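Subject: Two-chain model, handed over with notes

Dear colleague,

Here is the structure I promised to pass on to you, with the sequence alongside. My notes on what was found in it follow below.

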Amino acid sequence: MTEAVKATNIEEILRYTSIDELYGWEWEYSKEIEIRGKITRDVIEEISRVKKEPEWMLRLRLKALDLFYKLPMPRWLTGIEEIDLEELASYVKPKVERTQEWTDLPDEIRKAYEKLGIPEIEARFLSGLTAVYGSETVYSKMKEKLEGLGVIIMPMEDAVKKYPDLLKRYFARIFPPSDHKFSALHVALWSGGAFVYVPKGVKIEQPIEAFFFIGGSLEGQFEHTLVVADEGSYVHFIEGCSAPLLKRYSFHDGMVELYAARNAHIKFTTLQNWSRDIINFNNKRGIAKEGAIIEWTEGSIGSKITYTYPSTILAGEGAKTSNIVIGLSNGPYLKDTGSKAIHAAPNTASRIVSKSISNNGGINIYRGLVRINKGAYNSIANVECDSLILDDSSMAYTYPHNQIEEPTATVSHEAKTGRLSEDQLFYLASRGLSEGEAKSLIVIGMLKEILSDLPLEFVSILNRVIQLEFSEVGGVG
Amino acid sequence: MLEVKNLSVGIKTDRIKTILYNINLSVGPGEVHAIMGPNGSGKTSLLYGIMGHPKYIVLNGQVLLDGEDITALSPEKKSLRGLFISFQHPVEIEGVRLSTLLIAARNKRMGENDLLKISDARIIRDMRHLATRVGLKPEFLRRDVNLGFSGGERKRSELMQALYLKPKYMLLDEPDTGLDVDSVKVIAENISEAVNDGVGVLLVTHYSRILKYVNPDKVSVIVNGRVVDTGGPELADYIDREGYKKYGVIEVD
């Protein structure tokens, strides 16, 4: 290991005094393949050929491409017009062989992960880790003790070849490409990501993580995560994402699909810390069967614009879901977040919690849907929207929507908007804290709910990132 | 020495209304200067003016800390220089635990980058110990600052913060109102102990009850925004007997 990128440990990260120290500006990395220009059938065939995919996957991609051109631009999206898809690389393969050893990776790639202490966290706390750089998984490893239990954690490309039956059943079935233009685009171009299968009754104690890094300007990242938890199993999946400061924007259009079989329990945590040049679109949906539990928690901190609506279809009797999305818009940025809970079976329960913090011209939008189908007897849905607006230049909007077809259902909605008062700021100032420090403490307080299940080291780093976010020196431009 | 010289303060609403006129007073290390006066006389405004509440504008005069003019410093800087204000009615800060606030305030003073760093297990132990000393259950450290605290719990929390942050000068705004006699004694003992350790205290109080347990070196009386009388402990005894009649104020309880 060279001196320049020797492993950064967590202690060092906590000593950073500006958010620029995390990554600073984008740096060069060697690419083996880069595909730009209009997204045509040829482009899709080329990606499929590079990946040596089976025929069924190519057909799925081409069907999705067709849909992409047919479907209209979603009307509810704001700001998306900034993206010029023809300018973006739809596929970027870094010049590196996928590995299970960090030391195999060239410095320029490895430092993307080491700067955030990922290898250290992996060694100490994770059951497995998938690291994506640009369009490809560059590192994938599962701890040995899981192999004997029949757990699968592997790059999605490998799973497509090795487990076609499983994949055909779930891949782009939970979140079909026909849903909207960007789910179609994702399925047409998907590359990188992780497939996880947890066998019946297996409870994985330590979380699994996937970490996505976009290394350059005008790149598209379309990684795909699929977690299948078989009956009575448990898994906690954490996804993290980050990028350096970019000269131009880049676009992320990822997809996460969760399938929780009878009595299975999936926790899915997202820590989104893209740099201010990323337009971040997410497609996240889970299906919970009888007695199953799906918990989404998302901390949406970075990016220029984020669209994320982790949603759950409660498809079996007694299934439960909890969807917590916390959005921070600090500066001229937009978080368009929310959730859907579809109650399609009796005695199902959902809890949607949206917390947003808007500061320094930031905008947060909540869009939610609670749908209770006829026959989903005695279902309970609870929505809480909590918007904190830290100054006069910032805004928060909420658009909750209910479709209740079942008279025995209980649906509640609470919304509150808070502001940070002059007296509160004075109180904290009188204890020696600057305005930025005061705000960072309040934001960290709001994040408590998503932090409670994470390893302490994650929490420390995230706390530090929030403090740097609000610090008066440096900060992202 | 903390000195207030010719201080005039206005409150900012749609215009600026003068509420304090040419206040002169001082407190040295290890001294207690009691500020007494009827309701609405400007006692709290004086503390806000000294500390720099954004609504309280210094129109004239100076605040000097050990001879240095700190009038224009931000409340944050004044806090870091060693001033501490305890509030009569402290606000609730949802989302920030009392322990988090104290750790952050302490780290800030130590020059620590990461405000949330707990560098030493003793930090938490000391905090719990202090909480117990002022009669606050240590569980309160884990609750959001003042959120759902009773009046008495707020008083104890304010004092506990004052003791924890070890300021040079404490500006205490009615630290005993609403407490029973035993609790007042506990609060007073803790203040006296800090004074013995060299802390200077500006103690704002309407009634002289707490001054039976905290001996003031000086007493100033403020009426209608002006210092109308200054003396020693005997002045507090006088007010205890006679109220503020002498200054033209009849109070109805």
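I begin with a pair of helices in chain A, where α3(A) passes α9(A) in a left-handed crossing; a crossing is called left-handed if the near helix is turned anticlockwise from the far one by less than a right angle, and right-handed if clockwise. Please keep in mind that this is a predicted model, in which local features need pLDDT of at least 70 and side-chain atom pairs count only at pLDDT 80 or more, while totals for chains, interfaces and linings use all residues. Residues are numbered from 1 along each chain as its sequence is written, and chains are lettered from A and ligands numbered from 1 in the order in which they are written.

Helices around α3 of chain A

Helix α3 covers residues 55-70 of chain A and helix α9 residues 181-189, and the two pack at an angle of about 150° with their axes 7 Å apart. Helices (H or I, at least four residues) and strands (E, at least two) are DSSP runs numbered from the N terminus, and axes are lines fitted to C-alpha atoms, for helices over the stretch in contact, with angles running from 0 to 180 degrees between N-to-C directions. The angle therefore makes α3(A) roughly antiparallel to α9(A), given that angles under 35 degrees count as roughly parallel, over 145 as roughly antiparallel, 65 to 115 as roughly perpendicular and the rest as oblique. From α3(A), A:Leu60, A:Arg61, A:Ala64, A:Leu65, A:Leu67 and A:Phe68 meet A:Lys181, A:Ala184, A:Leu185, A:Val187 and A:Ala188 of α9(A), where contact requires C-beta atoms, placed from the backbone, to lie within 7 Å. These residues divide into 9 nonpolar, no polar and 2 charged; here Ala, Val, Leu, Ile, Met, Phe, Trp, Tyr, Cys and Pro count as nonpolar, Asp, Glu, Lys and Arg as charged, and the others, Gly among them, as polar.

Helix α2 (residues 41-50) of chain A also packs on α3(A), their axes coming within 10 Å and crossing at roughly 155°, which means that this pair too is roughly antiparallel. The crossing of α2(A) and α3(A) is right-handed. A:Arg41, A:Ile44, A:Glu45 and A:Ser48 of α2(A) make the contact with A:Met57, A:Leu58, A:Arg61, A:Leu62 and A:Leu65 of α3(A), and by class there are 5 nonpolar, 1 polar and 3 charged residues.

Loops of chain A

Two loop residues of chain A have a backbone angle worth checking on your screen. A:Asn263, in the loop between β11 (250-260) and β12 (265-273), has a phi near 60°, a positive value in a residue other than glycine. A:Ser303, in the loop between β14 (293-300) and β15 (305-308), has a positive phi as well, near 80°. Most residues other than glycine have a negative phi. A:Asn263 is buried, because 21 other C-beta atoms lie within 10 Å, and A:Ser303 counts as buried with 26 such neighbours; the cut-offs are 20 or more other C-beta atoms within 10 Å for buried, 12 or fewer for exposed, and partly exposed in between. A:Asp84, in the loop between α3 and β2 (89-94), is by contrast exposed, with 10 other C-beta atoms within 10 Å.

Chain B and the interface

In chain B, helix α5 (residues 151-165) and helix α6 (residues 181-196) pack at an angle of about 10° with their axes 11 Å apart, and are therefore roughly parallel to each other. Between the chains, 24 residues of chain A are in contact with 26 residues of chain B. On the chain A side, α10 (422-429), α11 (435-451) and α12 (456-469) each supply at least two residues, and the largest share, 7 residues, comes from α10(A). That side divides into 9 nonpolar, 9 polar and 6 charged residues.

The largest nonpolar core

Finally, the largest nonpolar core has 221 residues, of which A:Val196, A:Ala229, A:Ala260, B:Leu171, B:Val201 and B:Leu202 touch the most other members; such a core is a set of buried Ala, Val, Leu, Ile, Met, Phe, Trp, Tyr and Cys residues joined through C-beta atoms within 7 Å. Its largest share, 8 residues, comes from α11(A).

With best wishes

How values were computed. Contact = placed C-beta atoms within 7 Å.
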